[in-house]
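Hi everyone, thanks for coming. Could you bring up the structure on the screen, please?

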Amino acid sequence: MEILKFITAGSVDDGKSTLIGRLLYDTDAILADQLEALHRSNRKNDDGSIDLAILTDGLKAEREQGITIDVAYKYFQTEKRKFIIADAPGHIQYTRNMVTGASNSNLAIILIDARKGVVEQTNRHSFLVSLLALPQVVVCINKMDMVDYDEATFNQIVEQYRQLATKLNLQNVTYIPVSALKGDNIVHESYNMTWYTGKSLLEHLETVEIPVDDSSAHARLPVQWVVRPQTEELHDYRGYAGRISSGSFKVNDKVTVLPSGFSSTITKIELLDREFEEAFSGQSVTVHLQDDIDISRGDILVNSSAQPVVAQLIEADLCWMDTRALDTSLTYLIQHNSKVTRCRIQEVLYKFNINTLDKVYEEEFKLNDIGRIIIKTAEPLAFDAYQNNKANGGAIIIDSRTNVTVGALMLRAAVE
Amino acid sequence: MSKHHLDYLDELEAEAIHILREVAGQFEKPALLFSGGKDSITLVRLAEKAFRPGKFPFPLVHIDTGHNFPETIQYRDEMIARLGEKLIVGHVQDSINQGKVVEQKGKNASRNALQTVTLLDTIAQHQFDACIGGARRDEEKARAKERIFSVRDEFGQWDPKRQRPELWNIYNGKIHKGENVRVFPISNWTELDVWNYIRRENIALPSIYFAHERECITRNGQLMAAAEFLNMDEEDVITRRNVRFRTVGDMTCTAAVESEAYLIDDIINEISASKISERGARMDDKVSEAAMEERKKGGYF
């Protein structure tokens, strides 16, 4: 069985939490004592039915305000798949939380209120989905019950969104008319929309292809830890431990260590009492090399015939996540895989107006701003362009005064 | 081009190992908090996968309330002997003797809340900068909000509004002196995932997880194992029941369920069919809707 990770995005009252609640409720993922607690709570819908949205609001402040502040993770499974939902807030001030949720997802559900159609928030969420290169998008046109399950309304919104999707170069977009409140086309097919012949949301989630990264030929293994028991019987044991972030490695593959550039050959791939002829993207392993070369945490092993870029001056997209604005005079830390080094934002090239999707030329970079910058790192990074290889193209910026993660970086290219 | 998908248990395992190795690489004095329950036992197996044939880069730390199931302590000591790793035990009794906490009174008295103080003292005494724990996000709705690397301030407090964004598989473990990070490698596992993994890996567990006959009393509608720490009186009728435990905590706050599950396959079938969540058998979660959130803010694990 495989795992599909997805994020839900929509503006405040589009019914995101209700949609998730409905998915969990209709797949029997809510247990009796949790249901009982739900019945005990004061929040009810107008018709007296349970408010499914409170299932996902885990914090006191969220229940008080009836909004989602932080990402909540929810789990459910069917006979076909396991699912991890990142329930991210829709408020503009929590854009950073949506970026957090989206960074680990294979698919995004974008909710649109059938009464309102594509709104500014839809632009913003779709832009983030495109920026973070999520390979699959499902547009759920929700609250169809409030527009009398009208097919023409649905088609009109689909047409609106198609234009946006083209502009953002979104691939693999699926459109589903739903009512999360009433349960139409979420888990069960809708009797109210016989004109819709596609799959219900759950059926789509169960069958949609989970993409493996496009560059699966490009093998990457960031070294996290060097295993050196240094006992008498294991005197010469030296294993490089890490998780393969893309591609695959085989015994006898020729590999290069970056940034140093030394090459060697894989002699063994193992994990505890298992040995592998070949290990794949996503696997945590320990690798042995033929030659004794200097490798430590922060280095990356790559397939010698398909190497990433190694650079210190890099163009990247930046999402700023801190209440203190970006300060180009400061030295920050950058963390890329297991490597941490100092950095400076050398230049802000432009920012995106994420509502209109236009470029704007402003120096100041504040909370939730997204734009293109040039970053200079103290030590070279061995990276791939994010759009080709997410695992080796993402990085974070840390403010060394507060130790807080203040920026998300999608590395694009070395600056010549 | 190879299209290779990991099975879900392999994916969860690989993620957890990655997280454990990040702890090893990023912190100077980490510790693995070991309760003797199935989740921390799973962590120990994952640590073996992450670091063998090397030693663990951290000791195991057990906060002993003094009210543990004897079966758990026996399991712990046998496990440590087999692993050859270091165990540090923090005793709640010591905190009581030092006057730092006061034993609760009354029929429902429990040391469960007191262990937070012992835990924070043990962290301070050994200057641990990261504590690995077996909490899962599916356990409870406040836990569903928790990051994998979750910063605690010098008072051990969790502030849900000040959580760091956590992007891709990059974990930021930078902290100031006095702070520490709780790390939850099996955040994304469900109870059933843990059981399926234990079955797949053939991991031994304390015997109380399996159905056995035991003297029990009924308290607040829950079955509790009869024990001297339970402040029993003549109203408490002891009956012999066939039970097992779904979680392993303190004897004063962990309720039993009636069960005929003698083997791991039986347990998996039982849980798959159960309509009660795992923490439905924890008295400590029933205090209020935000009980877990409040305890976590105070430094509870």
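Some ground rules before we start. This is a predicted model, where local features need pLDDT of at least 70, side-chain atom pairs count only at pLDDT 80 or more, and totals for chains, interfaces and linings use all residues. Residues are numbered from 1 along each chain as its sequence is written, chains are lettered from A and ligands numbered from 1 in the order in which they are written, and side-chain values use heavy atoms, with hydrogens and water left out.

Okay, rings. A pair of aromatic rings is described by the distance of the centres and the angle of the planes. Here, rings of Phe, Tyr and Trp (its six-membered ring) pair if their centres lie within 6.5 Å; planes under 30 degrees apart are stacked, over 60 edge-to-face, and the rest tilted. How many aromatic pairs does that rule give over all chains? The count is 18.

Take A:Tyr350 and A:Tyr361: the ring centres are 6.3 Å apart and the planes are at 70°, so we call this pair edge-to-face. A:Tyr350 is in strand E19 (residues 339–353) of chain A, while A:Tyr361, 11 residues apart from it, is in the loop between strand E20 (358–360) and strand E21 (370–383). Helices (H or I, at least four residues) and strands (E, at least two) are DSSP runs, by the way, numbered from the N terminus.

Are these two buried or exposed? Buried means under 20% relative accessible area, exposed over 50%, and partly exposed in between, with a 1.4 Å probe and protein chains only. A:Tyr350 has 12% relative accessibility, so it counts as buried. A:Tyr361 has 63%, so that one counts as exposed.

Over in chain B, the ring centres of B:Trp195 and B:Tyr209 are 5.5 Å apart with planes at 80°, so this pair is edge-to-face. B:Trp195 sits in helix H6 (residues 191–201), and B:Tyr209 is in the loop between H6 and strand E7 (212–219) of chain B. Both B:Trp195 and B:Tyr209 are buried.

Back to A:Tyr350, which forms one aromatic cluster with A:Phe127, A:Phe352 and A:Tyr361. There's a charge here too: A:Lys359 lies over the face of A:Tyr350, 4.7 Å from the ring centre. The rule is that NZ of Lys or CZ of Arg is within 6 Å of the ring centre and within 35 degrees of the ring normal. Likewise, the charged end of B:Arg137 sits over the ring of A:Tyr73, 3.9 Å from its centre.

Hold on to B:Arg137 and A:Tyr73, as we now turn to a cavity. Among the 17 residues lining the second largest cavity, those closest to its centre are A:Tyr73, A:Asn104, B:Glu15, B:Arg137 and B:Asn188. A cavity is a set of points, on a 1 Å grid over the protein atoms alone, where a 1.4 Å probe fits but cannot get out, and lining residues have an atom within 4 Å of a point.

Lastly, two single residues. A:Ala279 lies in strand E14 (residues 278–280) of chain A and is buried, with a relative accessible area of 0%. Its C-alpha atom is 5.5 Å from that of A:Ser248, 31 residues apart along the chain.

A:Gln224 is in the loop between strand E7 (220–222) and strand E8 (225–227) of chain A. A:Gln224 is buried too, at 2%.

Key: On a 1 Å grid over the protein atoms alone, a cavity is a set of points where a 1.4 Å probe fits but cannot get out, and a pocket is an open set with protein on both sides within 12 Å along at least five of seven lines; lining residues have an atom within 4 Å of a point.
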